[in-house]
Amino acid sequence: MFGLVDGNNFYASCERVFQPKLIGKPVVVLSNNDGCAIARSQEAKDLGIRMGHPYFQLRETHPQVWVRSSNYPLYQDMMHRVTAIIRRYFPDQEIYSIDECFCDLRGYDLLQPQSLAIRLRAEILRCTGIPVCIGVARTKTLAKIANRLAKKKAPDGVWFLDSDESEASALSGTDIGDVWGIGRRYAARLTAMGICDALAFARLPADWVQKEMTIVGLRLWKELNGQPCIPMEYTRAAKKGIGTSRSFGTPQTELPVLQEALATYIALAAAKLRGQQSVCARIQGHAHTSGFIKSEDQVYITREIKLPTPTSNTGELIKIGAWILRKIFKPGYRYQKVGVQLGDIRPESQVQQALFDPLAERRGKRAKAMAALDQINQRHGRDTVRLAVTGREQQWTMKQQFRSSRYTTSWSDVIKVRAK
DNA sequence: TCTGGGGTCCTAGGACCC
DNA sequence: TCTGGGGTCCTAGGACCC
């Protein structure tokens, strides 16, 4: 059996842990740049606030809602605490996303798995303040469905699919579009054919599913029929691409500003690259205007460069990024966003140096400088040391008007308690 | 005025190799 | 009339996830 532990309204719940006044109130967490709703408390859902609901509309229609900017360091750290507790109960875990954790229960001789899950849930709530639900079933996809049912109708937050009858009734009660792996496109197609719930899908002929939905669809079909096809991933694989981009707080028109922002994102992406001991052989820069403003002319500019010698050096990558932007920049537009994509990623131990690499002799020294920079920033906080081209004032940074403190990851934000 | 950011996998088709 | 069989690499596009 597989278990899935999933935080309830996770971001909103994290905010509540340190701001108890938000308990019982409608809470909405906004996307980066305070653009739209990406998490809602139950009370906010009950008000009809949708995922992706634009904030500027919400402000008018629902002034009573408590709004927070997203605070990822806080959410990440809270999940870290949650998974540490889960590990004590079920050691074989896959941290699937910032608020979900799969557990492999195979090989454990659990006498009373149901009561164990209920205890786990209570302990997570007691130790972290985060409410979670737990679904358990024969495959990961079925565990996802079990988890949905736990959220919807289990008073104790735990749902087991452990018989043919319970599986069939769970599948027939799940809309096809709510199945993990069925997105908008497939949902529309299947619904048009009269395949409206997971049970109808699971009863389709396997060869039709493979033909129309590729091997991915077939795997999903097997999973729904109780045959595990999606393996547990106990360790995080190295990324094959690393992208960093942000919207500007206000639209920007000048090349130097765009370059400063791009340099900042490249520095972030390069640090991630070094963090997984990789280098990249491809860098792509892009910038675009807002697609939502119909009255203005829109542009999307992008270019990619292949590097003769793969690198993870921030300075080298920034230099290329600046060159790319200079080449593709079109004046006269109000740019909303710039970003970088690092591709063709490989282990730093497998670098093939170009024959006429002008930096050949300096590479070792530069790598040491980067290692020192990473070490300092790890120890003393992000951006303690950074490159001057990333800017001093950074007037373009995203809006975060309602951000809570980094209660658990920043010394200056730790809550102070005084005893008399 | 105002709408996020980060990923993965699969398939088909073209260019090229022997 | 009629033209093999086996590969690789790359890119674009389509689907999906949180």
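Figure 1. Of the atoms of DNA strand C that come within 4 Å of the protein, sugar and phosphate account for 100%. The model shown here, and in the legends that follow, is a predicted one. When the residues of the surface near DNA strand C are divided by class, five are nonpolar, three are polar and six are charged. Two elements, strand β5 and helix α8 (184-192), each supply at least two residues of this surface near DNA strand C, and the largest share, three residues, comes from α8.

Figure 2. For R282, an N or O atom in the side chain is 3.4 Å from a phosphate oxygen of DNA strand C.

**Figure 3. The surroundings of DNA strand B.** DNA strand B is surrounded by 25 residues, of which G243, S245, R246, S247 and K337 are the closest. Of the atoms of DNA strand B that lie within 4 Å of the protein, 74% belong to sugar or phosphate, while the rest belong to bases. The surface near DNA strand B is made up, by class, of eight nonpolar, ten polar and seven charged residues. Helices α3 (55-61) and α10 (206-224), together with strands β9 (242-252) and β12 (335-347), each supply at least two residues of this surface, and β9 gives the most, with six residues.

**Figure 4. Polar contacts made with phosphate oxygens of DNA strand B.** In the side chain of R246, an N or O atom is 2.5 Å from a phosphate oxygen of DNA strand B. S245 takes part through its backbone, where a polar atom is 2.6 Å from a phosphate oxygen of DNA strand B. K240 takes part through its side chain, in which an N or O atom is 3.0 Å from a phosphate oxygen of DNA strand B. Both S245 and R246 are listed among the residues closest to DNA strand B.

**Figure 5. The interface of domain 1 and domain 2.** The domain assignment of chain A gives domain 1 (1-136), domain 2 (163-236) and domain 3 (242-390), and this view concerns domain 1 and domain 2, whose C-alpha centres lie 25 Å apart. Ten residues of domain 1 are in contact with seven residues of domain 2. About 710 Å² of area is buried between domain 1 and domain 2, and carbon and sulfur atoms give 59% of this area. Across the interface of domain 1 and domain 2 the rule finds zero salt bridges, whereas three residue pairs in polar contact are found there, with both residues at pLDDT 80 or more. On the side of domain 1 that touches domain 2, strands β5 (93-97) and β6 (100-104) each supply at least two residues, and the largest share, four residues, comes from β5. By class, the side of domain 1 that touches domain 2 has five nonpolar, one polar and four charged residues.

**Figure 6. The salt bridge between K140 and E94.** By the rule applied to this predicted model, the count comes to 17 salt bridges, and one of them is shown here. The side chains of K140 and E94 meet in a salt bridge with an N to O distance of 2.7 Å. K140 lies in helix α6 (residues 140-153) and E94 lies in strand β5, so the pair ties together parts that are 46 residues apart in sequence. Strand β5, to which E94 belongs, also supplies at least two residues of the surface near DNA strand C.

How values were computed. Residues are numbered from 1 along each chain as its sequence is written. Chains are lettered from A and ligands numbered from 1 in the order in which they are written. This is a predicted model: local features need pLDDT of at least 70, side-chain atom pairs count only at pLDDT 80 or more; totals for chains, interfaces and linings use all residues. Side-chain values use heavy atoms; hydrogens and water are left out. Domain bounds come from an automatic or database domain assignment. Contact means heavy atoms within 4.5 Å. Buried area is the accessible area (1.4 Å probe) that two parts lose on being put together, summed over both. A salt bridge is a side-chain nitrogen of Lys or Arg within 4 Å of a carboxyl oxygen of Asp or Glu. A polar contact is a pair of N or O atoms within 3.5 Å; within protein, one must be able to donate a hydrogen and the other to accept it, and residues adjacent in sequence count only if both atoms are side-chain atoms. Ala, Val, Leu, Ile, Met, Phe, Trp, Tyr, Cys and Pro count as nonpolar, Asp, Glu, Lys and Arg as charged, and the others, Gly among them, as polar. A residue is near a molecule or strand if one of its heavy atoms lies within 4 Å of it.
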